Amino acid sequence: MARISTGRPTIAFNVQGEMYVSDGYENKRIAKFDPEGNFILQWGALGDEPGQFALPHAISVDKDGLVYVADRANWQVPVFDPDGTFIEQWTHIGRLSDLVHVSDGGFFICDGPSGRVTRVSNSGEVIGFFGKPGSEPGQIGAAHSITYLSNSDVIVGHLDERLQKFTRR
């Protein structure tokens, strides 16, 4: 695998096995690699204009290959085609730390400051949310990471070292 300088990277894969790396703490960019780990391209720079990032903190790819970036410090989700061409950005969700695409479409997004998890469609429309601020069971508090399991459970990781599992009723 090619070695490039990154700071606290996060990764996502498309259906072809290509890897996208969010490199937010050092380089304010997204890097793309082929399935063998060879560098293909990169995009992004520091800023708040379309295609720029303040802190690309997490990344996800949908089944169509669109790339969604949780730009935490800009409070937005910019959306790109597989080669980094800017499509749109969502600015109405909160200060997101992580996002995960789910098999039936859309995303779960964790927003630590609001203490909730937001469910959005692939177009960014808010479908609903759950959680409330705090550190008690069922409260989302300092949510920092999220994953979605094939049985529809949602796991939320917190900065205070807690993990919580939420099951759809």
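Select F107 and V120: F107 stands opposite V120 in strand β11. The model is a predicted one, in which local features need pLDDT of at least 70, side-chain atom pairs count only at pLDDT 80 or more, and totals for chains, interfaces and linings use all residues. Residues are numbered from 1 along each chain as its sequence is written, and side-chain values use heavy atoms, with hydrogens and water left out.

Colour residues 107-111, which make up strand β10. Strands here are DSSP runs of E with at least two residues, numbered from the N terminus. Five of the five residues in β10 are buried, where buried means under 20% relative accessible area, exposed over 50% and partly exposed in between (1.4 Å probe, protein chains only). In a regular strand the side chains alternate between the two faces of the sheet. Show the side chains of β10: F107, I109 and D111 point one way, while F108 and C110 point the other way.

Two strands pair if DSSP finds at least two bridges between them. The hairpin of β10 and β11 has four residues between the strands, and G115 takes a positive phi near 70 degrees.

Now select residues 98-101, strand β9, which is antiparallel to β10 and joined to it by four bridges. V100 is the residue opposite F108 in β10. β9 and β10 also form a hairpin, with five residues between them, and G105 in its turn has a positive phi of about 100 degrees.

**Salt bridges**

The whole structure holds six salt bridges. A salt bridge is a side-chain nitrogen of Lys or Arg within 4 Å of a carboxyl oxygen of Asp or Glu.

Go to D23 and R29, whose closest N and O atoms are 2.9 Å apart in a salt bridge. Are these two residues buried or exposed? Both D23 and R29 are buried.

Move to K63 and D64, a salt bridge with an N to O distance of 3.7 Å. Both K63 and D64 are exposed.

Then select K165 and D153, where the N to O distance is 3.9 Å. K165 lies in strand β15 (residues 163-166) and D153 in the loop between β13 (143-148) and β14 (154-158), so this pair ties together parts that are twelve residues apart in sequence. K165 counts as exposed at 55% relative accessibility, whereas D153, at 5%, counts as buried.
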